[in-house]
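These are my notebook entries on a structure that I looked through step by step. I wrote down each thing I looked up and what I found.

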Amino acid sequence: MENSTVDLSAIERVEAARTAHLTAGAKPAKVLARDVNVYYGDKHALKAVNVEIPDRGVMAFIGPSGCGKSTFLRCINRMNDTIASCRVTGKITIDDQDIYDRSLDVVQLRARVGMVFQKPNPFPKSIYENVAYGPRIHGLTANKAEMDDVVQSSLEKAALWNEVKDRLQDSGTGLSGGQQQRLCIARAIAVNPDIILMDEPCSALDPIATAKVETLIDELRSNFCIIIVTHSMQQAARVSQRTAFFHLGTLVEEDSTKTIFSNPKDQRTQDYITGRFG
Amino acid sequence: MTDATSTLPTQLPPARRRAIPPDVAAARVRRRYASERTFKALGIGALALTALFLVMLLTSIIVKSLPAFSEHRAVMSVLVDAAVVDPDGKRNADTLRSADYASLTRAAITTVIPGIEGRSARKALTGLLSSGAADDLRALVIADPSIIGTTIKTPMLFSDDVDLYLKGDTGRYTTAAGVAELTPSDVKGDITLTAADQSFAALIAELEREGISADAEAGAHVLDGRIPSRVVYVNGGAVKVVKATANTLTGPVLLPLSSVSPAKTGSWNLTTYAQPESRRRISDQEIVFIDKIKSAGAIERGFNWRFFTSGDSREPELAGIRGALIGTALTLFVTLILCLPIGVLAAIYLEEFAPKNWLTDIIEVNINNLAAVPSIVFGLLGLAVFLNYFNLPRSAPLVGGLVLALLVLPTIIISARAAIKAVPPSIREAAIGLGASQQQAVFHHVLPLAMPGIMTGTIIGMAHALGETAPLLMIGMVAFIVDVPTNISDAATVLPVQIYLWSDLPEAAFQQRTAAAIVVLLGFLFAMNGAAIWLRNKFERRW
């Protein structure tokens, strides 16, 4: 695989939009990680990661399997809390608030940081219930009419409304894989988060479904801070404005996607994107 | 990855060191096929053997139980005598209840076969009816006092021995038509039947073959209860043969004759009942009475509803499984409401919330161990703790349910944990990722998905409890209890214990009822397991 297969035109297309946004606002980082270490029991899975993730836009984490990119992603909404042997040190802030602070309610955090998983995992309930579940547990709507609105707008944002509007009461598991993944995105959007984490959202999908999800991500980036873990460098190039390369538990390099793919500073990044390993 | 592939080794793997000759290879293949065939044959054999035993067992039980599901009744006209039932005419419930209904049923059956004299004969006749016949009549009268003073036609239950005689082959007989003119000496009492000389030579020869030789003192062959009984039916009556000579037969009249006029050749017969009287529970006298009632068309056979509507009894024909069924239902109810919530909550805690440390490990190991503890141990525990320490009522479904709950709890916890574990973690992650708390994730998503599995495990556990006997023996549920229990602290018994109790009784009718109760128990077990399978198939999800 030559590096020419990486779609640089896409990068250039989106880069203009990104830089415009950066120069206009120059806002502080949405997510800030300082010296983050993660241990699974004795295993040191993530070593001293420092990164700044800007608001609005798509940040891609790339790297070979087991490099710690998913681990880092799961630190941002504290999903690692559910793993008993997992220990996190360092500091991660979202909007200058330490998310590992004792006073912080993890449920509130996860309402602000939505997550989409590798394998589409809709609840085995109706499409409507799938989307309505988050708003319901967080008490975001006052009545049925409001809930209907939330469900509809979420499904519209996830570009799924037209496909499912006539069968909202059908089971979410009866949809196709791509539709299921977009349902999961709608479900995450429904609680109106600031950040959406996506852990290889297209790895279980066929190319057409992948294209739809990528288009969707591109549409969502104007409203959300999206962090996506992907194995596919083409995908990272297509959808992201900034890319971070992880290797063996360390964050090797983080820069604009264009720079990473065209002019990486680190030899390891160069080797990875040119297919020398991984 | 062009660079990477170029560095791949280009050498082929080394050639196989030793070539296998074709004949050896062929032999190997043959051996492999042969061993596969052997294994398949063994498997089929094992299955066939199991199936054979199962079919034999079921057939034997079902065949044995069938007679218990029907009963014989005498349809008779009963005069509900106001003087007996309600002497003061006030229709007082207590008076009605305590009246002597047995005298009415006795009177009714003596009208079917009139003219029976002698205390033992009358007793044999009235003894054909079950003591339950009077109770049935009482129930009829109390339900509808307007029948007092009238004659009603109602079926009356026969005793178990009569019932068995009518169902079975104890009454197997052969009949030989009379070969000469026969003259009875009287119509009742002990009489002599006289015929031409050598008329009974064939009978005498038969008796000789059966080991009866001429008794010098009596001057005749004397028949006793150890050989097949002979009864002569003549002039509308019956005479039992006790002494036989070549031309006379002597014996008591079992059924009065209509006259002493000589009976013509062929108008009378000599009936031989193959089973000797001493080897059956019913006498010649009773057989003659039953046959007479039968020939009058007054016997009906019907479904034995009483088996399902009455409690236990010392009289097999009155014994039913209602008490045991209600007792079982109450016991299982107590078991279910205890072990379903406790078991499911314990499983949820252990699976979803408990920290993984040495304490939870010990608890987990011990739950698995408890599932293997012999059930009688739980019975002893129940006896020591629930009865002796807490002084809970003996023989009560409450205690039975407690003990069975202890027995079933490990099964339910284990199956519930398996069901919870089978829910894919992605569902849990999805809920937690949306901001659901651990508890919300479990109760909103994991538990509903695990429920079919939990229900299946619970039903199987309940089926296990349903068939359990040993622990209940220890807490006194083995008592003879006639009353149908109405609440969980009444003395009660359960179906398997009822089976155990009946199987110990000598009456043949109880043996049939044992089999019938087993059939009912198996029916419940099949139904419960069927429900479990149905639930599993209906709610099974593929991920």
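How many helices and strands does the secondary structure of chain A come to? I began with this count, keeping in mind that what I have is a predicted model, and I noted 11 helices and 10 strands for chain A.

**Entry 1: chain A as a whole**

I looked up how much of chain A is buried, and found that buried residues make up 47% of its 278 residues. I then turned to the contacts in chain A between residues at least 6 apart in sequence, and noted that 71% of these join residues at least 24 apart.

**Entry 2: strand 3 of chain A**

Is strand 3 of chain A largely enclosed or left open by the rest of the structure? I checked residues 57-62, which form this strand, and found that 6 of the 6 are buried, so strand 3 of chain A is largely enclosed by the rest of the structure. I reminded myself of a general point, that side chains in a regular strand alternate between the two faces of the sheet. When I looked at the directions here, A:G57, A:M59 and A:F61 point one way from strand 3 of chain A, while A:V58, A:A60 and A:I62 point the other way, and all of them are buried.

I next looked for the partners of this strand. Strand 3 of chain A pairs with strand 8 of chain A, residues 225-229, in the parallel sense and over 5 bridges, and I found A:V58 standing opposite A:I226 of strand 8 of chain A. Strand 3 of chain A also runs parallel to strand 9 of chain A, residues 242-247, with 4 bridges joining the two, and there the bridge partner of A:F61 is A:A244.

**Entry 3: an open sheet in chain A**

I followed an open sheet of 4 strands in chain A, which has the order 2-1-4-5 and antiparallel pairing. Its edge strands are strand 2 (43-53) and strand 5 (97-98) of chain A, each of which pairs on one side only. Within the sheet, I noted that strand 1 (residues 31-40) and strand 4 (residues 86-94) of chain A run antiparallel and are joined by 8 bridges, and that A:R34 stands opposite A:K91 in strand 4 of chain A. Helix 2 of chain A, residues 69-76, packs on this sheet and touches strand 1, strand 2 and strand 4 of chain A, and its direction makes about 120° with that of strand 1 of chain A.

I looked up A:D35, which lies in strand 1 of chain A, and found its phi near 55°, a positive value in a residue other than glycine. I also looked up A:E200, whose phi is positive at about 45° although it is not a glycine, and which sits in the loop between strand 7 (195-199) and helix 8 (207-220) of chain A.

Which of these two is buried and which is exposed? A:D35 has 12 other C-beta atoms within 10 Å and is exposed, whereas A:E200 has 20 C-beta neighbours inside 10 Å and counts as buried. I wrote down the cut-offs beside this: 20 or more such atoms make a residue buried, and 12 or fewer make it exposed.

**Entry 4: where chain A meets chain B**

I found 22 residues of chain A in contact with 18 residues of chain B. The elements that give two or more residues to chain A's side are helix 3 (106-112) and helix 4 (127-138) of chain A, and helix 4 of chain A gives the most, with 4 residues. By class, this side of chain A has 12 nonpolar, 6 polar and 4 charged residues.

**Entry 5: chain B**

I noted that chain B is divided into domain 1 (68-167), domain 2 (173-279) and domain 3 (318-539), and that the centres of domain 1 and domain 2 of chain B, taken over C-alpha atoms, are separated by 34 Å.

How do helix 5 and helix 7 of chain B lie, and at what angle do they cross? The axes of helix 5 (residues 101-112) and helix 7 (residues 132-143) of chain B come within 8 Å and cross at roughly 110°, which makes helix 5 of chain B roughly perpendicular to helix 7 of chain B. The residues of this contact divide into 6 nonpolar, 1 polar and 1 charged.

Technical notes. Residues numbered from 1 in each chain as written. Chains lettered and ligands numbered in written order. Predicted model: local features only at pLDDT ≥ 70, side-chain atom pairs only at ≥ 80, totals over all residues. Contact = placed C-beta atoms within 7 Å. Nonpolar A, V, L, I, M, F, W, Y, C, P; charged D, E, K, R; others polar. Pairing = 2+ DSSP bridges. Axes fitted to C-alpha atoms, helices over the stretch in contact; angles between N-to-C directions. Parallel < 35°, antiparallel > 145°, perpendicular 65-115°, else oblique. Domains from an automatic or database assignment.
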